[in-house]
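Q: I would like a close look at a single part of this protein. Please take one residue and describe its surroundings.

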Amino acid sequence: MRGPGGLLQGGLEGERSPTPTGCHETEAATHELWQGGASALEVWRGRRAQGDSAPTWVLAPRSSSGLSPVEGLPQTASAWHASRYGSLDQGFVHRSEQARIRTLLEPYQGQLDAILDAPAGYGRLTSLLCELAPRLLISLDLNSDRLRCVPRLPGVCLLQGDLGRLPCEPRQFDLVACLRHLQHLRDSAERASRLLDLAGASRRLLLLSYYQGGTLHALQRRFMVLSGRRKRALGWCTSAEVHQVLGIQGFRVLSDRALLPGLHAQRLLLAERKS
């Protein structure tokens with residue numbers, strides 16, 4: 001497990017908030033805990049013991065590029081959202097996705113103590129996941145320019161890191177949410193490995209999305225790649241592939257449905273670890 005070597009404050013919509021009283025002491029304690037090999041939850045518990053009831057520090061790894069915003073990129077969550085979901089069709093997909101996720105997770109409100117959202121991006125799911133009233137929501141993403149825009153809500157802890165090296169121990173979260181990531185992994189072995197890691201981090205629930213072929217969306221995407229309008233092909237997988245990997249980690253699938261049947265390739269899946 002690799003621990004971060006630096007800290008960053010990030011506020012709602014990317015604005016910096018005043019440093020709370022005692023944050024410098026908390027920062028030093030966090031460094032000590034992490035350098036000693038502590039997991040994300042142990043860091044959080046250590047800070048809770050010092051009276052930090054709403055952890056909002058961003059724990060960031062050492063990087064030559066640092067965490068400064070890059071010129072030309074969106075600087076707020078709303079700007080990131082508009083650049084990705086500003087069109088009518090993408091806006092409809094986003095709203096459909098949010099509604100489905102809320103329906104899937106609503107029965108667990110107040111039951112999930114610790115949640116991992118990875119990749120968190122600019123915090124598209126942060127407010128929705130906070131509706132579940134977790135004590136801790138870790139938002140993990142490799143892209144610091146998006147991560148700095150995650151809403152700074154109570155209980156949210158921001159981590160810059162790689163999903164391929166999750167900074168946690170096995171079965172450490174009540175819910176692991178991984179949306180809009182697996183379709184970027186074109187190699188089936190890499191997808192399976194990533195799924196095993198994500199599922200292994202959850203002691204109860206796993207929420208994920210993946211892209212399945214045979215839809216209008218899949219045909220459109222392939223045409224765009226062949227015509228040169230898109231540079232990268234997506235990673236398509238089958239339900240059987242995903243279910244098989246989750247079964248290895250001891251999960252049973254509660255729901256696995258297409259977001260927009262026949263139109264969009266994305267499927268949303270909720271799985272629960274067998275007791």
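Does Arg180 count as buried or exposed, and at what relative accessibility?

A: This is a predicted model, in which local features need pLDDT of at least 70, side-chain atom pairs count only at pLDDT 80 or more, and totals for chains, interfaces and linings use all residues. Residues are numbered from 1 along each chain as its sequence is written, and side-chain values use heavy atoms, with hydrogens and water left out.

Arg180 counts as buried because its relative accessibility is 11%, where buried means under 20% relative accessible area, exposed over 50% and partly exposed in between (1.4 Å probe, protein chains only). The residue lies in the loop between strand 6 and helix 7; helices (H or I, at least four residues) and strands (E, at least two) are DSSP runs, numbered from the N terminus.

Through its side chain, Arg180 makes a polar contact with the side chain of Glu97 at 3.3 Å. A polar contact is a pair of N or O atoms within 3.5 Å; within protein, one must be able to donate a hydrogen and the other to accept it, and residues adjacent in sequence count only if both atoms are side-chain atoms.

Leaving aside residues up to four places away in sequence, Arg180 touches Glu97 together with Arg84, Tyr85, Val93, Arg124, Ser209, Tyr211 and Gln266; contact means heavy atoms within 4.5 Å.

As for the chain around this residue, 51% of its 275 residues count as buried, and the chain has nine helices and nine strands. Among contacts between residues at least 6 apart in sequence, 69% join residues at least 24 apart.
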